[in-house]
Amino acid sequence: MVDVIIIGAGTAGLSAAIYVQRAGKKALVLEESTYGGQIINTADIENYPGIKHISGFDFATDLYNQAKDLGTTFAFEGVVKIENCEDEKVVYTTKNEYHAKAIIIATGMKRRELGIEREKELTGKGVSYCATCDGMFFRGKNVAVNGGGNVAVEDAEYLTRFCKRVYIIHRRDEFRADEAEVVKLDGKENLVKVMDSTVTKLNGDDRLHSIEVTDKNTGETKTLNVDALFVAIGQIPMNQIFSDIVELDERGFIKTDEECRTSAKGIYAAGDCRVKTVRQLTTAASDGAIAALNACNNL
Ligand code: NAP
């Protein structure tokens, strides 16, 4: 039995662990893969207040060590089920069963991948899932954004400010993004819309140097010489296993109040997995602190 079980060792989960331990309580972090979450894929973080430059890996490692040095226990096991009993919470993993007084769910989101050859290999070497994190590395270069939602359209607009040419590739002839965002692309001389098309091939040895796109109507393929491809085809929360315990919205995000409280007493949600509009490193850390302090105050 521990005080708080934290599910997920990303920025929100690790921040929560730091706050739980510093409150004099005992935290157990359960993580199915490695520590760090999505930020581990970011080459250089430049927007975390107080830190001018740090790699995603170093940031995550510092956070992990900070939580560990404060006495956090870690178990690298995937959670398969939680139970909300009257006087305790039970968390089942692929290997064990753990008991706690409170739970903080900090499972983040999983990016939707293109699912084409070499995508994993070239991630961080031209293929990116975060234009705001990595865009600046491609100042003055030709880049492409794939997707038609708000994220893709906003990314494309942002990149036109400092990249030489920006291709936005979308699988339909109409963007899904809000009109208010789409009109911001009008008149951008360095923006090229590649509609009704999908990215079908990634070229490059140790770095991306071009992509192949296929027109879904004609079947024609063309090569675009780009140094970066920003994949923005949506994100997927991974909250389904909690859906019988906490309330989710229609897209699968956990509903909370401002104190990170879910619909189930003693169960909190922090970071990207909960319903919110701003999903940044800073807001993940903030959520971790809020959830942890509320969990500890209500044990
Ligand atoms: P999204 O709205 O779900 O859009 C994903 C886009 O990717 C869609 O255009 C979709 O095409 C395309 N897509 C999906 N799977 C694909 C695949 N396998 N291959 C190629 N294209 C694929 O996701 P998002 O842009 O990440 O936004 C997530 C949510 O956050 C949305 O609700 C969005 O409105 C919200 N958001 C809002 C703002 C804002 O209000 N300013 C800013 C950012 C995000 P189809 O259109 O053909 O389905």
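Tutor: A polar side-chain atom of R176 lies 2.6 Å from an oxygen atom of the ligand, a polar contact in the sense of a pair of N or O atoms within 3.5 Å, where within protein one must be able to donate a hydrogen and the other to accept it, and residues adjacent in sequence count only if both atoms are side-chain atoms. N150 likewise places a polar side-chain atom 2.8 Å from an oxygen atom of the ligand, whereas for G149 a backbone N or O atom lies 3.3 Å from a ligand oxygen atom. Taken alone, the ligand exposes 910 Å², of which the protein buries 69%, with accessible areas from the Shrake-Rupley method and a 1.4 Å probe.

This is a predicted model, in which local features need pLDDT of at least 70 and side-chain atom pairs count only at pLDDT 80 or more, while totals for chains, interfaces and linings use all residues. Residues are numbered from 1 along each chain as its sequence is written, and side-chain values use heavy atoms, with hydrogens and water left out.

Around the ligand there are 14 residues, the closest being N150, E154, R171, R172 and R176, where a residue counts as near if one of its heavy atoms lies within 4 Å.
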